[in-house]
Amino acid sequence: QLPDALHLWWLGQSGYLVQWQGQHLLLDPYLSDALTKKYANTAKPHVRMTAIPIAPQRLDFVDVVTSSHNHTDHLDGETLGPLLQVNPALTMTVSAANRSFVAERLHVAPERLTAITLDTPITVGAFTLHAVPAAHEQLEQDEQGQHKFIGLIVEVGPWTLYHSGDTVLYEGMVEQLRRWSIDVAFLPINGRDPQRGVAGNLWGEEAVHLGRAAGIGLIIPCHYDMFTFNTVTTEQFERAAANAGQPYRILQCGARLDVAA
């Protein structure tokens, strides 16, 4: 490994492991068959397309883990329970709006979770996290005005990353993101189709539009090749990126990308 590089692994769906100088951030991991079991023998079977790249029990070196919203492929008890067990000092960051729900799902006290709001960044070791709104498919807030769906800006070393969580384009999104100089963005490309019966995301060409408009250095697409009913190929995204001159990288599940300073 390059000693001063940032290391990124795609773990499937919207899950990423980020490593810098021996510190580790885990974004929205889904490392179980929870949804396949839950929806077996229903009208909406969640047939897995990609094998689980690593068991959560093996990730016993994680400093901080995030959940962008409460859908199971972003908040999985079968992933996060074992993860908390093998990382007793782990910081788990969730939107303030979701703290009670997450505590109930994971059978922990709400105080065990670190709530993040739009105006209060959180620093854990090398990672500083800033919450930004996400619209899945609408911007939704609780009674206190806290967003139920969020993305995260991650500052680590000389880099700025953007993990959008699940989102569509919304008014003011580009202006929100242009406040940072984003080097790498993890963006969903599976789009939206009411026939799927689930909330939608960016299409590939919308992810490219966002990248160009917000001045994003590199896009890594995600949220495909997990479930047969809710996936796309990368063709539309790659074609749009090539036409727009937007740099991108397609990762295989479990593959590592080294980003040099």
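Two strands are taken to pair if DSSP finds at least two bridges between them. Strands (E, at least two residues) and helices (H or I, at least four) are DSSP runs, numbered from the N terminus. The model is predicted: local features need pLDDT of at least 70, side-chain atom pairs count only at pLDDT 80 or more, and totals for chains, interfaces and linings use all residues. Residues are numbered from 1 along each chain as its sequence is written, and side-chain values use heavy atoms, with hydrogens and water left out.

An open sheet is formed by six strands in the order β7-β8-β9-β10-β11-β12, with mixed pairing. Its edge strands are β7 and β12 (218–222), each of which pairs on one side only. From one strand to the next, the twist averages 20°. Such angles run from 0 to 180 degrees between N-to-C directions, and axes are lines fitted to C-alpha atoms, for helices over the stretch in contact.

Strand β7 (residues 122–124) pairs with β8 through three bridges, in the antiparallel sense. Val124 has Phe127 of β8 as its bridge partner. Two residues separate the strands of this hairpin, and Gly125 takes a positive phi near 60°. On to β9 (residues 150–156), β8 is joined by seven bridges, again antiparallel. Here His130 is partnered by Ile153 of β9. Strand β9 in turn is joined to β10 (residues 159–163) by five bridges, and these two strands run antiparallel. Val156 has Trp159 of β10 as its bridge partner.

Burial was assigned by relative accessible area (buried under 20%, exposed over 50%, partly exposed in between; 1.4 Å probe, protein chains only). Strand β8 (residues 127–133) is mostly covered, with seven of its seven residues buried. One side carries Phe127, Leu129, Ala131 and Pro133, the other Thr128, His130 and Val132, and all are buried.

One is tilted, because the rings of Trp10 and Tyr224 have centres 5.1 Å apart and planes at 40°. Trp10 lies in strand β1 (residues 6–10) and Tyr224 in the loop between β12 and α6 (235–244), so this pair ties together parts 214 residues apart in sequence. Trp10 and Tyr224 are both buried. Trp20 and Trp159 form an edge-to-face pair, at 6.1 Å centre to centre and 80° between the planes. Trp20 lies in strand β2 (residues 16–20) and Trp159 in β10, so parts 139 residues apart in sequence are tied together. Trp20 counts as buried at 15% relative accessibility, as does Trp159 at 5%.

How values were computed: Rings of Phe, Tyr and Trp (its six-membered ring) pair if their centres lie within 6.5 Å; planes under 30 degrees apart count as stacked, over 60 as edge-to-face and the rest as tilted.
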